[in-house]
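The structure is shown first.

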Amino acid sequence: MSNPEIEEIPIRDDMIRLGQLLKLANLVEDGVEAAELIKNGLVKVNDEIDERRGRQLHPGDTVTVNGQTVKITAA
């Protein structure tokens, strides 16, 4: 099932950390909010809950928070 609501987030480098992506995609206000969401198991990476704020993400990965999904693309 495809989701037309997926927003693409381009990144300059070949990877970005999960906490940084949440801020870049405006899914959180700041790093403290990102850390809380991740710690509480409210962030999914590629449809699986991930509790590692430093998780390395690459183009093609998806991240879902509060029902909003973003997909990383190469800039």
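This is a predicted model: local features need pLDDT of at least 70, side-chain atom pairs count only at pLDDT 80 or more; totals for chains, interfaces and linings use all residues.

## Surroundings of Leu57

Apart from neighbours within four places in sequence, Leu57 is in contact with Asp14, Met15, Ile16, Arg17, Leu18, Leu21, Val45, Val63 and Ile72.

In soluble globular proteins, nonpolar side chains tend to be buried together.

Leu37 is placed in helix H2. Leu37 has a relative accessible area of 11%, under the 20% limit, and is therefore buried. Ile6 is 31 residues from Leu37 along the chain, and the C-alpha atoms of the two are separated by 20 Å.

## The sheet

Five strands form an open sheet in the order E1-E7-E6-E3-E4, and the pairing is mixed. E1 and E4 (48-49) are the edge strands, each pairing on one side only. Strands of a sheet pair through backbone hydrogen bonds, either parallel or antiparallel.

Taken along the sheet, E1 and E7 are parallel and are joined by five bridges. In this pair, Ile9 has Ile72 of E7 as its bridge partner. E7 and E6 run antiparallel, with four bridges between them. Thr62 stands opposite Lys71 of E7, and Val63 has Val70 of E7 as its bridge partner. In the hairpin of E6 and E7, two residues lie between the strands, and Asn66 takes a positive phi near 50 degrees.

E6 is also paired with E3, in the antiparallel sense and over three bridges. Here the bridge partner of Val43 is Val65 in E6. E3 and E4 are antiparallel as well, joined by two bridges, and Lys44 stands opposite Ile49 in E4.

## Strand E6 and Thr62

In a regular strand the side chains alternate between the two faces of the sheet. In E6, Thr62 and Thr64 point one way, while Val63 and Val65 point the other way. Which of these four residues are buried? All of them are.

Thr62 lies in strand E6. The relative accessible area of Thr62 is 16%, under the 20% limit, so Thr62 is buried. Leaving out neighbours within four places in sequence, the contacts of Thr62 are Lys44, Val45, Asn46, Asp47, Thr69, Val70 and Lys71. Between Thr62 and Ile11, which are 51 residues apart along the chain, the C-alpha separation is 13 Å.

## Loop residues with positive phi

Asn26 is in the loop between H1 and H2. Phi of Asn26 is positive, about 60 degrees, although the residue is not a glycine. Is Asn26 buried or exposed? Asn26 is exposed, with a relative accessible area of 65%.

Asp47, also not a glycine, has a positive phi near 70 degrees. Asp47 lies in the loop between E3 and E4 and is exposed, with a relative accessible area of 62%.

## The largest pocket

The largest pocket has a volume of about 160 Å³. Its lining is made up of Pro10, Ile11, Arg12, Asp13, Met15, Ile16 and Leu24. Five of the lining residues are nonpolar and two are charged, with no polar residue among them.

Methods. Residues are numbered from 1 along each chain as its sequence is written. Side-chain values use heavy atoms; hydrogens and water are left out. On a 1 Å grid over the protein atoms alone, a cavity is a set of points where a 1.4 Å probe fits but cannot get out, and a pocket is an open set with protein on both sides within 12 Å along at least five of seven lines; lining residues have an atom within 4 Å of a point. Grid points are joined across faces, edges and corners, and a volume is the space filled by probe spheres set on the points. Ala, Val, Leu, Ile, Met, Phe, Trp, Tyr, Cys and Pro count as nonpolar, Asp, Glu, Lys and Arg as charged, and the others, Gly among them, as polar. Contact means heavy atoms within 4.5 Å. Two strands pair if DSSP finds at least two bridges between them. Buried means under 20% relative accessible area, exposed over 50%, partly exposed in between (1.4 Å probe, protein chains only).
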